[in-house]
Amino acid sequence: MRHINNTTSTSSSAVVTRSSVSDFAESFLKFNGRPEGTAIPFVMEEDRSQAEYPGNASRGITRSAMLNSYASESRKPVKFNLHLIEACNYSCRHCFAKFGSRKMLSFDNWRTIVDNCLRAVPGCSFNIAGGEPLLAAYFHDLARYCHDRGSKVSVITNGYLITDKWIRENAGILDTLGLSLDSFDEGTLVKMGRCTRSGKILTAGRIKEITTLVKEVNPDCRIKVNTVVCSLNRDEIVREQIMDIPVSRWKIFKMMSFANDSFNNSDIVISDEEYMRYISNNLGTSSEMLKDENSHIFSLSDTCSVVVEKNLDGGYLMIDANGNLVDNTINTNYVPVVNCVTGDVRDGINRLGLDTELYWSRY
Ligand code: SF4
C-alpha cells in the first residue's frame with residue numbers, strides 16, 4: 001500500500017426502541033424471503049494449518065503467529081469482524097452480508113466467540129457488523145462485554161436506527177463508529193436499495209446530528225465512513241459532504257462481485273478504470289497512481305485519511321452470523337474454515353486464505 005499526501009482543501013431520526021428492533025429482526029428472519037442457507041462443507045481436504053506467510057516462508061511462521069507478532073510489534077490490535085446478524089432494515093444491491101443464516105446466535109454464543117478470539121489472539125479488537133448490527137437486541141451487552149475484556153470495540157452500521165438515546169448508551173464504549181454512506185442523493189440511495197422498505201433514507205442532516213452528538217459524548221470516538229462504489233454511484237462527487245462531518249477515516253471500496261444461489265450483483269459491477277475515475281473525481285488525484293496497486297492511503301486533511309481499496313479478498317477476518325470464521329478467497333461465496341463457538345480459532349486462522357500483507361496494509 002502506498003501512502004500519499006493530498007491535502008487540499010433535517011432530521012429523519014427513527015424512533016426505535018430496543019424491543020421493536022428485536023421484533024423486527026425476528027420477523028425479518030422468519031419472513032425475509034431469503035433462501036435457506038446452503039450447507040457449505042468445511043475446508044478440510046486441503047490442510048492449510050501449516051500455511052506460511054509468504055514473506056517469511058523460510059522462517060516457517062504460521063498466519064496466526066504472524067498476526068500475533070505483528071500486532072505486538074506495531075501495537076495495532078488484530079481485528080475480528082463479528083457479523084452478528086444477516087437481517088437488515090435496508091436491502092442494498094451491493095450487500096455482501098449473505099451468510100445463509102436464518103437464526104441468530106445467542107448472546108452466550110457470541111461471548112464464547114469473543115473469549116475464543118482473545119485466547120487465539122490476545123489483545124485483539126472487535127468490529128461489530130451485520131447485516132445491521134443494531135437489530136441485535138444484545139448489541140450493547142456484547143459491545144460492553146468486549147470493552148470490559150480490554151478490547152477496542154467498533155461498529156459499522158447504516159445509521160438509520162441510531163437514536164440519541166443509543167448514542168448516549170453506546171458512544172462511551174466505542175473506539176470507532178463506522179457509517180456506511182454510499183451517496184447523499186435520495187434517488188441514488190433508493191436505486192441502490194440503501195433505504196428502508198418504505199423508501200426512507202438517512203439524510204445528510206441526521207448524519208451531521210449523529211456524528212456531532214457522538215463526538216460530544218465521547219470526543220475520542222473516531223468516526224469512519226465506508227463508501228462502496230458501483231455503477232449506480234460511480235459518477236458522484238461526495239467529498240464536500242464527507243468533509244462536512246467529523247470523519248477521521250474514509251474508506252472507498254470498489255464493489256465486490258458476489259454471487260450465490262439467490263443473489264448476484266454482476267449487473268452493477270464497475271471496472272477498475274471506472275473506480276479510479278471516482279477516486280480522481282473525489283480526491284483530485286491522478287488515477288494513474290492507482291493502476292497497479294490494490295490499495296492506497298491518502299491524506300484528505302489534517303484529520304482525515306482516505307483508504308482506497310480495489311479488492312478486499314483475503315484482507316478481512318470475518319466471523320459470520322453462524323459463528324464461522326469464513327474464507328472469501330476460495331470462490332465468490334464464503335467458505336467456513338472453523339466454527340468459533342466450538343472450534344479452535346487459531347487453527348482456523350492458519351487455514352484461512354488470509355493475505356497477511358494486505359490485512360496489515362488495511363489497518
Ligand atoms: S446497510 Fe449494509 S448490511 Fe444492510 S443491506 Fe446495506 S450493505 Fe447490507
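Strand E2 (residues 79–83) and strand E10 (residues 317–319) run parallel and are joined by three bridges. Within this pairing of the predicted model, Leu 82 has Ile 319 of E10 as its bridge partner. E2 also pairs with strand E3 (residues 125–129); these two strands likewise run parallel, and five bridges join them.

The secondary structure of the chain as a whole amounts to 11 helices and 12 strands. The chain has 363 residues, of which 42% count as buried. The largest nonpolar core contains 89 residues. Leu 82, Cys 117, Ile 128, Val 229 and Leu 325 are the members that touch the most other members of this core. For Ile 128, the contacts remaining once neighbours within four places in sequence are left aside are Leu 82, Leu 84, Pro 133, Phe 139, Leu 142, Ala 143, Val 153 and Val 155.

Strand E4 (residues 153–157) includes Ser 154. This serine counts as buried because 21 C-beta neighbours lie inside 10 Å, the cut-off for a buried residue being 20 or more. When residues up to four places away in sequence are not counted, Ser 154 touches Asn 127, Leu 174, Asp 175, Thr 176 and Gly 178. The C-alpha atoms of Ser 154 and Asn 81 are 9.3 Å apart, with a sequence separation of 73 residues.

The ligand is surrounded by Cys 88, Tyr 90, Ser 91, Cys 92, Cys 95, Ala 97, Gly 130, Gly 131, Glu 132, Asn 158, Ser 180 and Arg 194. By class, this shell consists of five nonpolar, five polar and two charged residues.

The average pLDDT is 80, and 73% of the residues score at least 70. For residues 1–22 the pLDDT is below 50, and this stretch has 44 contacts in the model beyond near neighbours in sequence. Residues 24–60 also have a pLDDT below 50; here the model contains 50 contacts beyond near neighbours in sequence.

Definitions and conventions: Residues numbered from 1 in each chain as written. Predicted model: local features only at pLDDT ≥ 70, side-chain atom pairs only at ≥ 80, totals over all residues. Pairing = 2+ DSSP bridges. Helix = DSSP H or I, 4+ residues; strand = E, 2+ residues; numbered from the N terminus. Buried ≥ 20, exposed ≤ 12 C-beta atoms within 10 Å, placed from the backbone. Near = placed C-beta within 6 Å. Nonpolar A, V, L, I, M, F, W, Y, C, P; charged D, E, K, R; others polar. Core = buried A, V, L, I, M, F, W, Y, C linked by C-beta atoms within 7 Å. Contact = placed C-beta atoms within 7 Å. pLDDT = per-residue confidence, 0-100.
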